[in-house]
Amino acid sequence: MNQENLSEVGASRRKFLGRVSATTFVLLSASLITPEQATKMEEILEKSTVDSLDADLNPVTVRAKINGKEQTLRVDSRMTLLDALRERLGLTGTKKGCDHGQCGACTVILDGKRILSCLTLMAMCDGCDITTIEGLAKGEKLHPMQEAFLKYDAFQCGYCTPGQICSAVALLQEAKNGQASYVTQNIQTVTKNIKLSEEEIRERMSGNLCRCGAYPNIVKAIQEVHTEKEQSKDWNISTNQDETV
Amino acid sequence: MKPFKFKRASSVVEAIEEIAKNPKAKFIAGGTNILDLMKEGIESPDELVDISRLPLAQIRMLPNGNLSIGALARNTETANHQIIRQKYPLLSQAILSGASQQIRNMATNGGNLMQRTRCPYFYDISMPCNKRNPGSGCAALEGLNRTHAILGWSEKCISVYPGDMAVALTALDASIKIQGKNAERIVKISDFFRLPEDNPEKDNDLNHGELITSIEIPKNNFANRSYYLKIRDRASYAFALVSVAVGIELEGGKIKDARIALGGVAHKPWRASDAEKIILGKAPSENIFRAAAEEEMKKAKPLAHNKFKVELTKRAIVRALLNALNAKQA
């Protein structure tokens, strides 16, 4: 399998975590199993590398461009794009939230459109051009949407953030192209460059849930990139210099 | 997810043949519903035939004045197509009220019609459900049924059809074009969807081995006075508790033609024909709209937890009609 992109750190950390939990299981159930069974389990654990997880019952070979790089993967037909990104390519920026298309944490941009990677089979991505959160920055220079999310503190725990940012980046292009939303007025006449009100942004971002409730700041971050104008902030990040106590 | 063979079809004929020869094979296009159902263990095909790249995505006017919408056009493209936005804004509005932008970018029109109910008991495989497991009973009937049907349900199934697009298509009198192994047929949307009766496992008229190829909408004059009202538990990204699709055509201050279809209240998009009859030929007013809503809801049979839907539907019908009336002062 192709493990080029799976970094040393990522791979060993994952293997380590897997072994720790498996060992814990063995220890906890020690009184319930025979020594023979324990030896057998050890053997299975020894083999439980990333490679052997590749069940390959119905293998499909897929070629796709991911963050500008051509990739060829042989995957089981059941593998979703989300799992292929995370487990096979080490691109763990894309998050698995609900895995059922209800939260938007797995949002990526496929052929220019935002989609849910958890409800997309990797087998169906042959020939596609996919951009994940890892592909937005140019080298060390963050994408303006990433900058804006930092500037407006548009997250708390950060788990939904990659999906929010991918979604927001695609959203601005959709508005430029004149795509309507349920709250767009005069859909019969509006054609290009839709100006997004707060209501529009909220409607268009409704597929990305944030359980920390960072919505007001997410809206501001998007509004700034959309309008290229500074948004009012009604808060400040505390720094050492600000401390008066 | 159970293992399945994956095959990409290179033609419509090949796709249909592949499905027809295997009773456990299914089509996949957008995947937004089937993959979720497979993850939940509700659907377990042993073969998926990928039809997403077949040439069935065209949206165009036919010589007879009907609009033809390809089954594989994505929801987003459909809602934003210039002809549809200008001449059938009701359809755009209905599509845009559903799901999220991500899902609409993936979902196809054919798949949208085929989406299965969101009844929580259908989704919970530890529960009896006649739709999922015929003959096992209906857990919703005596269970929590706040979101369930108030019209046309049976003792076997009280679930509702979850979609929005099909509600607008029902108001627009659309037809569904279906290709089988040996023949093509066209079914009116009101006959395509069905009530549960004694066999709720069958959502619609499509048989195994048949493929929806397009949707046709006859010419109408509702473009300037139509509205899709969707009422749900949160402001966006939720299934309808009740939705109403309406189109009105006025002539000389009287209602010349009117269509009213309801979502979230029955096993199929519900054409409110009795309400339509009340307002036809009358001058539009809130009073006459209310009378129409009262007439339609005489048939309503609410369950233990969804009595609120009856009044909600009445008010939604009135609101949707008023909004359509004022949509554009042509």
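The domain assignment of chain B gives two domains, with domain 1 covering 5-52 and domain 2 covering 226-325. The model is predicted. The C-alpha centres of domain 1 and domain 2 of chain B lie 36 Å apart.

An open sheet of four strands is formed in chain B. Its order is E9-E10-E11-E12, and the pairing is antiparallel. Strand E9 (226-231) and strand E12 (270-271) of chain B stand at the edges. Each has a single partner strand, so one side of each is left without a neighbour in the sheet. Strands E10 (residues 242-251) and E11 (residues 254-263) of chain B are joined by nine bridges in the antiparallel sense. Within E11(B), B:Ala258 is the residue opposite B:Ile248.

Helix H5 (residues 89-97) of chain B packs on this sheet. It touches E9 and E10 of chain B, and its direction makes about 15° with that of E9(B). Helix H13 (residues 308-325) of chain B lies across E9, E10 and E11 of chain B. H13(B) runs at about 35° to E10(B).

H5(B) is largely enclosed by the rest of the structure, because nine of its nine residues are buried. Among them are B:Pro89, B:Leu90, B:Gln93 and B:Ser97. The cover over these buried residues includes H3, H4, H6, helix H9 (165-171), E9 and E10 of chain B. After H5(B) comes B:Ala99, whose phi is positive, near 50°.

The largest nonpolar core has 160 residues. B:Leu90 is one of the residues with the most contacts inside this core, as are A:Met122, B:Ala168, B:Val244, B:Ala245, B:Val246 and B:Ile317. Helix H5 (residues 161-176) of chain A gives the most to the core, with seven residues. In soluble globular proteins, nonpolar side chains tend to be buried together.

Between the chains, 30 residues of chain B are in contact with 31 residues of chain A. On the side of chain B that touches chain A, at least two residues each come from strand E1 (5-8), helix H2 (34-39), helix H3 (75-80), helix H4 (82-87), H5 and helix H6 (101-106) of chain B. The residues of this side divide into eleven nonpolar, 14 polar and five charged.

Key:
Residues numbered from 1 in each chain as written. Chains lettered and ligands numbered in written order. Predicted model: local features only at pLDDT ≥ 70, side-chain atom pairs only at ≥ 80, totals over all residues. Pairing = 2+ DSSP bridges. Contact = placed C-beta atoms within 7 Å. Axes fitted to C-alpha atoms, helices over the stretch in contact; angles between N-to-C directions. Domains from an automatic or database assignment. Core = buried A, V, L, I, M, F, W, Y, C linked by C-beta atoms within 7 Å. Buried ≥ 20, exposed ≤ 12 C-beta atoms within 10 Å, placed from the backbone. Nonpolar A, V, L, I, M, F, W, Y, C, P; charged D, E, K, R; others polar.
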